[in-house]
Every structure is written in C-alpha cells, then in structure tokens.
Amino acid sequence: MHIAAIQHDIIWEDRTSNLARLTAPIDVAARGGSRLVVLAEMFPTGFSMNTAVVAEPFDGPTTAFLMAQARDHDCWIGGTFACITDEHELPTNRFVVAAPDGELHYYDKIHPFTYANEHTVYRPGQRTVTVTIDEVRCTLFICYDLRFATEFWETALRTDLYVVPANWPNTRAQHWQALLTARAIENQANVVGVNRVGTAATLRYDGHSMIVDPLGRSLASAAHGETVLFAEINADVVAETRTQFPFLADRLP
C-alpha cells in the first residue's frame, strides 16, 4: 500500500483557511498514488485548548471535508480534530479516517497531554482502534500516546502500520524521532509519524515527520518545511520480519 504523510503548517484556530489550503497537498498525495493520506494532529485548528471555539460535532465540517477528499481522490484520508459528542460534557481529540466509499473509523486519544493541561478540556479515549486498508492493518494513535508503549505492545500482533499524527514541538524533537523508531523496532511494525511545522503561541514545530520500517530504518523523513512524504507499506514484509526475528514470541504470551 502506498501511503503519504502531509507535513503542513496550521493557521491558528482558522478551520476554513486550513481546510482550503490542505486541498493542494492532498491532491499531490493522491496523484502520487497514495491509498492512505495522513494529516497532522488538530489539522483544522492547531492544538488549541479553546474548545469553545475549535470543537465541532462528529458530523461537522471537518468530517465532511475528509469524506469529500476521500471520495474525490479515491483514497483513505485521516487526521484529528476537537470533536463534540452528545454523551459527554468534554470533547475528545478524535482521529477520524474516511474511506472513499464513505465508511468512517475513529480513535479518541487515550493519553491527553497533561503537561499542557489537555486533560482539563479533552476527555481521554477508552479503546484502541485498528483499521484494515488494502490488507494493511493500521492501528491509530495520537501524538502523546507515543510515549506509552503499553497500547502499542497490546496491539502489535494485529498491526502492520502504526499511524501517529502529532503537534510535537521542536524542543522535544529528538524524543519524537527516537520514540517513532523505538515503536517500530520493538513491535516489528511500520510507523508513520506526521508532525506539523510552523509556530503557535510560543511554540515552534519543525516537523521531522517519519515513515519507519519494521527494522527501524527510515523510509522517508523531512524537517522544517511543508512537504509530502511517500512510502510503500507491505504487510508481507512485517510478517517476514517477525518470522525471521521471532522476538515478539519472547515478549507476548
């Protein structure tokens, strides 16, 4: 499966402008043959705690945008946004993946970023989610989740590709790169980490988006600027790696 990671800037709390400016790189990704296109965390608004302004219903404009882009380009597209749900007072940081036929899957961020008080305005998710796209099993996580190996370990045997959109600041860029590589190596799976670039408030984001193979080798990477990364993901390579190096059997019952 051919995948694309769109490393992009985000205009602060301006959903209309962000959705409009993402149509061009999505078109580039689709024309490049990608079957899965991944956007950064909180791609319509930036990582804002101002949920009164940025949060929207699940069937709001962002999901409609993802569905339209998936349909028009005949590919799967995913990214996260602040999502209101009727059954809870607080919204969630929700990763929505839209299929070209209109099918939707979503994952709610299990680990809110308490260092930035995300937990005070966004509720945590309760379940992991794996979606099969063109025979590649894709498990969804979001940014800060990357620091917690438990859920990655628990989902390893049903995962060929971990998908991790983020707003990860440049001050901890080394952590981002090291953890993406570690999650690939320890679970013998591909990992795509999609980070934003640009600035928001006092933070700078330098990208360093990466696509990593099951042995921890970089298939594609980029820093600083807006760009589209491409890579080929093959579930057979994951299976072959795990057969050749049966490390998971020593960890998992």
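The mean positions of the 19 positive and 30 negative charges of the protein lie 4 Å apart, where Lys and Arg count as positive and Asp and Glu as negative, with His and the chain ends not counted, and where each charge is placed at NZ of Lys, CZ of Arg, CG of Asp or CD of Glu. This is a predicted model, in which local features need pLDDT of at least 70 and side-chain atom pairs count only at pLDDT 80 or more, while totals for chains, interfaces and linings use all residues. Residues are numbered from 1 along each chain as its sequence is written, and side-chain values use heavy atoms, with hydrogens and water left out.

User: What is the radius of gyration of the protein?

Analyst: The protein has eight helices and 14 strands, helices being DSSP runs of H or I of at least four residues and strands runs of E of at least two, numbered from the N terminus. The globule rule, 2.2 Å times the number of residues to the power 0.38, is set against a radius taken over C-alpha atoms. For 253 residues the rule gives 18 Å, and the protein is as compact as a globular protein of that length because its radius of gyration is close to that, at 17 Å.

User: What percentage of the residues of the protein count as buried?

Analyst: Buried means under 20% relative accessible area, exposed over 50%, and partly exposed in between, with a 1.4 Å probe and protein chains only. Of the 253 residues, the share that counts as buried is 56%.

User: How many disulfides does the count come to?

Analyst: A disulfide is taken as a pair of cysteine sulfur atoms within 2.5 Å. The sulfur of Cys 75, a buried residue with a relative accessible area of 0%, is too far for a bond because the closest cysteine sulfur, in Cys 138, is 13 Å away. Cys 143, buried at 8% relative accessibility, is likewise too far from its closest cysteine sulfur, which is in Cys 83 at 18 Å. By this rule the count comes to zero.

User: How far apart in space are Asp 206 and Pro 169, C-alpha to C-alpha?

Analyst: Asp 206 is placed in strand S12, residues 203-212, and counts as buried at 10% relative accessibility. Leaving aside neighbours within four places in sequence, Asp 206 has contacts (heavy atoms within 4.5 Å) with Asn 170, Arg 196, Val 197, Ala 223 and His 224. Asp 206 and Pro 169 are 37 residues apart in sequence, and their C-alpha separation in space is 7.0 Å.
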